[in-house]
Amino acid sequence: MNKLQLAEPGTADEMLVRKLDLNALPGHIAIIMDGNGRWARSHGQTRVEGHRAGVASVRDTIEASAQLGLEVLTLYAFSVENWKRPRYEVWTLMNLLKEFLLKELEGLVKNDIRLKILGRWRELDPSVVSLIERAESETADCGGLQLNIAINYSGRAEIVDACRQIVADWAQGKGTDIDEETLGRYLYTAGQPDPDLLIRTSGEMRVSNFLLWQISYTEIFVTETLWPDFRRGQLFEAILEYQSRVRRFGGLSEDAERDLQDNQSG
Ligand code: IPE
Ligand code: IPE
Ligand code: MG
C-alpha cells in the first residue's frame, strides 16, 4: 500500500500515517456514527442537515479504509430503535441511504468494495430494498474492502434472527449442534472476522445495541468528535490508539507471561 495515497504530504494526516504500523492494522473496524444532531445544533442548523453533513464523513472513512487495505469496515447507520424519531428525520435518513446507494455504487465497484447491509433491511420500503439488492449483487464479486452498513439493525434482533433460522433449519432436518461457531455462521456477519476496533463518535460511552455478539473482545475507542467532523485523520488516531493497546483475550499479557517464566526459571 502506498502511504502517499492516504494523506497529502505535509499535512497533520500525513504525520499520523507515518506513525501507523501498517503491518499491525485492525482487520475489522466498526463505527457507531453518532452526533449528527448535536453537530447541527452547534451550527444553528436542523437535525437533518446534520445527517446530510455526515455523508462526507462516510465517504472519506470508506475511502481511507480501502486505501489502508482493511478487511472489513462496518458502519452503524440506522438502528431498529431509531424508528422512534420524528417521521421527517427517518424519511430523510432513508433518502440519504437511497442517494448513497445510487451515487456510490459505481465507485464501490471501481474500488473493488463489496457491500453488505446488516439488519432487517427486507422490512424497509420496497424502493430501498431493490436498491440494496442491486448494490449487493453488483459488488458481490469485489474482493477488496468488505463494507457493511447496518440499517434497521439491532444486535439483539440479529441473535434472535440467527436462532429462528437455526430452528427453521432443524425443522428441515438440517439440524446441527449449537456452539459459538455455529451461531456465528447464522449471524448477518457470517464468515467475517469480529471487529478488532469499535469507534464511537460524539463521546457517548455505550454500545447502543450494536454487534453485541461480535464485540466480545473488541477494543473500544470513543472520541468527542461529532460524526460530521470525522475524517480519515480521526480514523488514523483511533488506529494509533488501538496499536498501543495490549489485547489479552482473558489470558496474560506478554509482560505477565515473562514474569512468570522468570520466576519459574529463577
Ligand atoms: C447519529 O447521529 C445518526 C443516527 C443515529 C442515525 P444522531 O442523530 O444520533 O445525533 P445526536 O446523537 O442526536 O447528536
Ligand atoms: C446509535 O446512535 C445508532 C446509530 C449510530 C445508527 P443513537 O444516537 O441512536 O444511540 P443512543 O440513542 O444515543 O444510544
Ligand atoms: Mg445519537
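In this predicted model, L22 is located in the loop that runs between helix 2 (12-19) and strand 1 (28-32). L22 counts as partly exposed because its relative accessibility is 24%. From L22 to E224 there are 202 residues in sequence, and the C-alpha atoms of the two are 25 Å apart in space.

**Ligand 1**

- The surroundings of ligand 1 consist of M33, D34, G35, N36, G37, R38, R47, H51, A77, N82, R85 and L93.
- D34 places a polar side-chain atom 2.9 Å from an oxygen atom of ligand 1.
- For R47, the distance from a polar side-chain atom to an oxygen atom of ligand 1 is 2.8 Å.
- R85 has a polar side-chain atom 2.7 Å from an oxygen atom of ligand 1.
- Ligand 1 would expose 380 Å² if taken alone, and the protein buries 86% of that area.

**Ligand 2**

- Around ligand 2 are found I32, M33, D34, Y76, A77, F78, N82, R85, R200, R206 and S208.
- In the side chain of D34, an N or O atom is 3.2 Å from an oxygen atom of ligand 2.
- N82 brings a polar side-chain atom to 2.9 Å from an oxygen atom of ligand 2.
- The corresponding distance for a polar side-chain atom of R85 is 3.2 Å, again to an oxygen atom of ligand 2.
- Taken alone, ligand 2 exposes 390 Å², of which the protein buries 78%.

**Salt bridges**

- Side chains of opposite charge can pair when their charged atoms come close.
- The model has a count of 24 salt bridges.
- R85, one of the residues around ligand 1, also meets E89 in a salt bridge, with an N to O distance of 2.9 Å.
- R85 is partly exposed because its relative accessible area is 30%, whereas E89, with 5%, is buried.
- E133 and R122 are joined through their side chains by a salt bridge of 2.7 Å, N to O.
- Since E133 belongs to helix 6 (residues 126-139) and R122 to the loop between strand 3 (114-118) and helix 6, this pair ties together parts that are 11 residues apart in sequence.
- R122 counts as exposed at 54% relative accessibility, while E133 is partly exposed with a relative accessible area of 36%.
- A salt bridge also links E138 and R134, whose closest N and O atoms are 3.5 Å apart.
- E138 and R134 are 4 residues apart in helix 6, so about one helical turn separates them.
- E138 is partly exposed at 43% relative accessibility, and R134 is partly exposed with a relative accessible area of 40%.
- A network of salt bridges links D34, R38, R200, E204 and R206.

**Aromatic side chains**

- The count of aromatic pairs is 8.
- One of these is the tilted pair of Y217 and F249, with 5.6 Å from centre to centre and 50° between the planes.
- This pair links distant parts of the chain, 32 residues apart: Y217 is in the loop between strand 5 (197-200) and strand 6 (219-222), and F249 is in the loop between helix 9 (232-243) and helix 10 (254-265).
- Y217 counts as partly exposed because its relative accessibility is 46%.
- W227 and F230 make a stacked pair, at 4.9 Å centre to centre and 20° between the planes.
- W227 counts as buried at 1% relative accessibility, and F230 is buried with a relative accessible area of 0%.
- Y76, Y153, Y188 and F210 form one aromatic cluster.

**Backbone**

- Most residues other than glycine have a negative phi.
- S208 has a positive phi, near 45°.
- S208 is placed in the loop between strand 5 and strand 6 and counts as partly exposed at 29% relative accessibility.
- The phi of F249 is also positive, near 50°.

**Surface patch**

- V167, W170 and I178 form a nonpolar patch on the surface, and together they have about 300 Å² of accessible area.
- W170 is part of helix 7 (residues 155-171) and counts as partly exposed because its relative accessibility is 42%.

Definitions and conventions: Residues are numbered from 1 along each chain as its sequence is written. Chains are lettered from A and ligands numbered from 1 in the order in which they are written. This is a predicted model: local features need pLDDT of at least 70, side-chain atom pairs count only at pLDDT 80 or more; totals for chains, interfaces and linings use all residues. Side-chain values use heavy atoms; hydrogens and water are left out. Patches are made of residues with over 30% relative accessible area and no salt bridge: like charges are joined within 9 Å, nonpolar side chains (Val, Leu, Ile, Met, Phe, Trp, Tyr) within 5 Å. Accessible areas come from the Shrake-Rupley method with a 1.4 Å probe; for residues, only the protein chains shown count as cover. A salt bridge is a side-chain nitrogen of Lys or Arg within 4 Å of a carboxyl oxygen of Asp or Glu. Helices (H or I, at least four residues) and strands (E, at least two) are DSSP runs, numbered from the N terminus. Buried means under 20% relative accessible area, exposed over 50%, partly exposed in between (1.4 Å probe, protein chains only). A residue is near a molecule or strand if one of its heavy atoms lies within 4 Å of it. A polar contact is a pair of N or O atoms within 3.5 Å; within protein, one must be able to donate a hydrogen and the other to accept it, and residues adjacent in sequence count only if both atoms are side-chain atoms. Rings of Phe, Tyr and Trp (its six-membered ring) pair if their centres lie within 6.5 Å; planes under 30 degrees apart count as stacked, over 60 as edge-to-face and the rest as tilted.
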